[in-house]
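Let's take a walk through this structure together, starting with a pair of helices and then moving on to some strands. Keep the 3D view open as you read.

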Amino acid sequence: MAHLISRKKPAYPISDYLRTYLERYGRIYDGGIRYDDLLRYNNAIPFYDEQGRDTLWSTVFYPELEQKEIHDRLRLTYALLKADGDFSIADHLYIDRIDLCLYGNTSPFRVRIVNALNDNFDYFYVKRVDANRIYGLELEHILSPNRINYFIWGDTIIEEHIIGIPGDDFLKDHMPTNRFDQVRLAKEFVKFNERCFVRLLGDMHAGNFVIDGTPDLEKWHYRIRPIDFDQQSHHWRKEVYLPECFPQNAPFVELVAEYLPEETIIQYQKEERALIANRMRVSHGRFQALMEVMQEDLIAPEENVRRLGVQLAEHYGDARFERCLTMGELVWCSTQIVLERSRPASVAFYLRAVMGHP
């Protein structure tokens, strides 16, 4: 399972049908920064964290004559993202740093913006548009307990920073040591695993999600949130959509295997599926509208759809998956099974962890 995904995914354009949906729900703006504008940098240096470790991001710099224009447009972009274009909120803001991640699938830019009055800072991201990613963001917004803030301008997508500790950093420095918190973390991983599998969000290894911890009386409450949506409904392997299958996530799977008996795993899976079903019901038609678009869109090769459909049909014992022609149809079938209260995703994977991670 070490190489579930072996190559970068191509970017898929936004169809006219999808753009109409995005306009309907306020995801399109005219103005701000474009991705290509940020490519005009003339120098870059590696960015290291506080422990001196290479983050694989590079801080980029711009020619003096262009820097003011770029920074002003970034401040406008932030105002569009946070305040519906009210530029007055940016009066005391300045751009502190712009970083570029060259190893990422879409080579995103990360912008650090600071309030000059109190030194408080925030981040936002500038990326190339990709239809898979947009479907991933929309499904996260509708079907998860998390709200997602982003907008699109032309071929650029602007995304709000998702707060939390990256999963790989959490494993190194923040894993809980008491049994109660370990049980809570194991429970959240089961629920996260279920959410990803139901909506076919792939590539959720520890570097692609964050863990948000909230003090709760004497202990902690955890929530796992994806931060990379590029592999939404694209790959052909079922295991790509199960975070438990990635070797990087083995410590989380081991917590599940150690602290949660089979009946408890099934309980948490059923609870999460019931929550997803309820979110679909109360989305006021938004989920249905998204599915109508996604079922018609081509965001993966035909062979990927066919092979994944066969695996899902075998997993659920439901031949509907084998008749699907698009990834959107596979997601639709998966969510309909949730509404029908069918069996959870993958207890067998957790149980195998007792004998060693697959």
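How are α5 and α7 oriented to each other: parallel, antiparallel, perpendicular or oblique? In this predicted model, α5 covers residues 179–199 and α7 covers residues 262–281. Their axes come within 9 Å and cross at roughly 50°. Angles under 35 degrees count as roughly parallel and 65 to 115 as roughly perpendicular, so α5 and α7 are oblique to each other. The crossing of α5 past α7 is right-handed.

Now zoom in on the side of α5 that meets α7. On α5, the contact involves K187, V190, K191, E194, R195 and V198. Facing them from α7 are I265, Y268, Q269, E271, E272, R273, L275 and I276. Sorted by class, this contact has seven charged residues, six nonpolar ones and one polar one.

Next, turn to the strands, with β5 (residues 121–128) as our guide. Six of the eight residues in β5 are buried, so the strand is largely enclosed by the rest of the structure. β5 pairs with β4 (residues 109–115) through six bridges, and the two run antiparallel. Between β4 and β5, the hairpin has five residues, and D119 there takes a positive phi near 65°. β5 also runs antiparallel to β7 (residues 156–160), with five bridges joining them.

R110 stands opposite Y125, while in β7 the bridge partner of Y125 is E159.

Methods:
Residues are numbered from 1 along each chain as its sequence is written. This is a predicted model: local features need pLDDT of at least 70, side-chain atom pairs count only at pLDDT 80 or more; totals for chains, interfaces and linings use all residues. Side-chain values use heavy atoms; hydrogens and water are left out. Axes are lines fitted to C-alpha atoms, for helices over the stretch in contact, and angles run from 0 to 180 degrees between N-to-C directions. Helices (H or I, at least four residues) and strands (E, at least two) are DSSP runs, numbered from the N terminus. Angles under 35 degrees count as roughly parallel, over 145 as roughly antiparallel, 65 to 115 as roughly perpendicular and the rest as oblique. A crossing is left-handed if the near helix is turned anticlockwise from the far one by less than a right angle, and right-handed if clockwise. Contact means heavy atoms within 4.5 Å. Ala, Val, Leu, Ile, Met, Phe, Trp, Tyr, Cys and Pro count as nonpolar, Asp, Glu, Lys and Arg as charged, and the others, Gly among them, as polar. Buried means under 20% relative accessible area, exposed over 50%, partly exposed in between (1.4 Å probe, protein chains only). Two strands pair if DSSP finds at least two bridges between them.
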